[in-house]
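Dear colleague,

I am passing on the structure we spoke of, with the sequence alongside.

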Amino acid sequence: MSETYIKVDHLSKLYRLGVAEAMHDSLGGAIGAALKAPFKNFRKLQGLSDFKDKDDESVLWALRDVSFEVREGEVLGVVGKNGAGKSTLLKLLSRISLPSSGSIEISGRVVSLLEVGTGFHKELSGRENIYMNGTILGMTRKEIDRKFDEIVAFSGVERFIDTPVKRYSSGMQVRLAFSVAAHLEPEIMIIDEVLAVGDADFQKRCLGKMKDVSQQGRTVLFVSHNMQAVQSLCTRCIMMENGRLVMDGGTDEVINYYLSKQMTGGSMRVYETPTDAPGNQQIRLQRAIVYKNSSTPSDGQLLYVNDELVFEFAFWNYSPGVHANLSLVLNTVKGEVIFNVVTDDKPIGEGLHVARFQIPANLLNDNVYSIDLYFIKNLKETICLIENAVSFEVHDAPREKAWYGKWIGAVRPKFETTFEKESD
Amino acid sequence: MITKINPRKGWHFFTVEDFKELLQYKDLLYMLVGREISVLYKQTVFGFAWAIFRPLVQMVIFTFIFGKLVNMQSMIGTDVPYAVFSFTALVPWTYFAVALNSSTGSLIGNQQFFTKVYFPRMIIPITPIISKLLDFAIAFIILLVMLFAYGIVPNYQIVFLPLLVLLMMMTALGMSLWLSALAIQYRDVSQFMQFFAQLLMYAAPVIWPITLVPQGYRFVYGFYPMAGVIEGFRASLIGQSAMPWDMIGAGFITATILMITGVLYFRSRENVFADVV
């Protein structure tokens, strides 16, 4: 068998964005626009696939001049924020969409899994869907016949195999779909965030299956936001940012760089001069630091759910003799408020002050957080609000034996629990 | 196997490689056709009876309006009952209309496939062209029963029927390749189809006899392939007229042109389907 590889050479992809429509405030303007609308709409729709004017404001470079190579047996992780171009890259590699310029050369049979269960139809039975999904992924019916029992056994839905899929739980549907995909025998596998679904036990089996695949010398391209999955699977990583490839290297190196870039501003911010610092005429921030286990600044370190954290805020107060307190609001990256903690209220003079908030271990769930700080005068008047004073990410602690399914809940406390035999 | 992925511009022809690839995916086509057939009548009370109702109800309406009220019967010029006259045309017509309509909308309705996985896109519009043949076959059996009931015996010309079925499939596919590829980017096509299908029906000799078209114009009229298909059906099944070979020949010319240009257009557009949905 000849060597399998992927060669991506100066790959670029353009997309057309929607542009805000002009508004008309007169009847005449509106009528005129309505008459011209078909022509305008036509140009707009045509523009979806036509890029004569590449500098137009509505043109987005989803990928720009990306080059890399993947060799046989390599498991390449692709990391990057949403919108960085990961999905576009996978779409081009899977031939769903064609590049605007540049080229890709792939040697070997490719199977891409951008979604589990493509082609599933709810009215069809599990059996029919296995064939449907398998053929759409490029298998022949003979190949499916051969692997049918294995697929069914892996999915664990034997009893329901002749029941319409609409009667399945969503977890069962995912299990069945992944089983089909896992039993394809491609030389190159392209996988997008498909592990985000299914229960922990099944995820573990999928991960095991994917490891098998890579150990058999097959090439895998893996996109995920789950850094632990990337870390445990990939031998090499590339990082995408705004459509460009910004880093190509060892998994740990790329992941650490990505995590440090992900937090805007980071978990340690020190302002040398008050003029640069956030605040106003009354209050200015001097530093905002998240400490890991009370003493180590967390900058450049991973914070885990079982780490004790200390938030430290130092600020300059410019107004003499005020009664003030600090109110800290902890938000997730999506903007949900997790909690609001306030300090005691006390008279403070001019000068530098420091406030510390101690957060016990096993409270915060794994997530990306940012802190808003309110400075409150006389317990009622906000004299200064500093949004996103500091931000940080809490990671899931490496768990023994269990797999890393997302732990649900706003917080993840570890309360006293008992569990014992009561009687026979 | 080495795959090269490059930007594609301009016209793209259907090569031998493309055909080989299409063959490689023939199991997918079987599956999609099977899926369409088995899903269509699931959770319906009447099931496959629906395949018969549509042309049957249309026949009853047409027989009442055109057979009784308008007295089209006198224009037919023969003693063939209007019900038989119209149903013979409605069986191929219903296939054509239904296949064209669902094939035209097929890309829009199956976006979840081609935005997630690669396979020859042409399989999607081809699927309804094949799957609707089942409805056609069922309706055709009813037609035979009806002919038998009226004591009409088809003559030897019935051997040409497969040729007419081929012509009707080619026409539906050729038009669908154009329309489905257009519809995915310009949804106006779906609006347009609503009255376009009606227009096509009145333009075909479904409710009126071909005798309304002067003999000298028949060949030119035959460039509308469904005219030849319908007249051919009447000639072979009712057996009171000769096969209109001039019209069928003209129809094949149109259908072939539609197919070739349709494939060309489809192939040239398919690379942007996933980008324009």
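**What was found in chain A**

In chain A, A:Asn388 belongs to strand β20, which covers residues 381–395. Please keep in mind throughout that the model is a predicted one. The phi angle of A:Asn388 is near 45 degrees, a positive value in a residue that is not glycine.

A:Arg95, however, is placed in the loop that runs between helix α2 and strand β4 (101–107) of chain A. A:Arg95 is likewise partly exposed, having 18 other C-beta atoms within 10 Å.

Helix α2 itself, made of residues 86–93 of chain A, lies across the strands β3 (75–80), β5, β6 (188–192), β7 (219–223) and β8 of that chain, and runs at about 150 degrees to β6(A). These strands belong to an open sheet of six strands in chain A, whose order is β5-β6-β7-β3-β8-β9 and whose pairing is mixed. At the edges of the sheet stand β5 (110–113) and β9 (244–250) of chain A, each of which has a single partner strand, so that one side of each is left without a neighbour in the sheet. From one strand to the next, the twist averages 15 degrees.

The partner of β9(A) is strand β8 (residues 236–241) of chain A, the two being antiparallel and joined by six bridges. Within this pair, A:Cys237 is found opposite A:Gly249 of β9(A).

A:Ile283 counts as buried because 24 C-beta neighbours lie inside 10 Å, where the cut-off is 20 or more. Leaving aside residues up to four places away in sequence, A:Ile283 touches A:Phe315, A:Asn317, A:Phe375, A:Ile383 and A:Cys384. As for A:Leu352, it is 69 residues from A:Ile283 in sequence, while the C-alpha atoms of the two are 9.8 Å apart in space.

Definitions and conventions
Residues are numbered from 1 along each chain as its sequence is written. Chains are lettered from A and ligands numbered from 1 in the order in which they are written. This is a predicted model: local features need pLDDT of at least 70, side-chain atom pairs count only at pLDDT 80 or more; totals for chains, interfaces and linings use all residues. A residue is buried if 20 or more other C-beta atoms lie within 10 Å of its own, exposed if 12 or fewer, and partly exposed in between; C-beta atoms are placed from the backbone. Two residues are in contact if their C-beta atoms, placed from the backbone, lie within 7 Å. Two strands pair if DSSP finds at least two bridges between them. Helices (H or I, at least four residues) and strands (E, at least two) are DSSP runs, numbered from the N terminus. Axes are lines fitted to C-alpha atoms, for helices over the stretch in contact, and angles run from 0 to 180 degrees between N-to-C directions.
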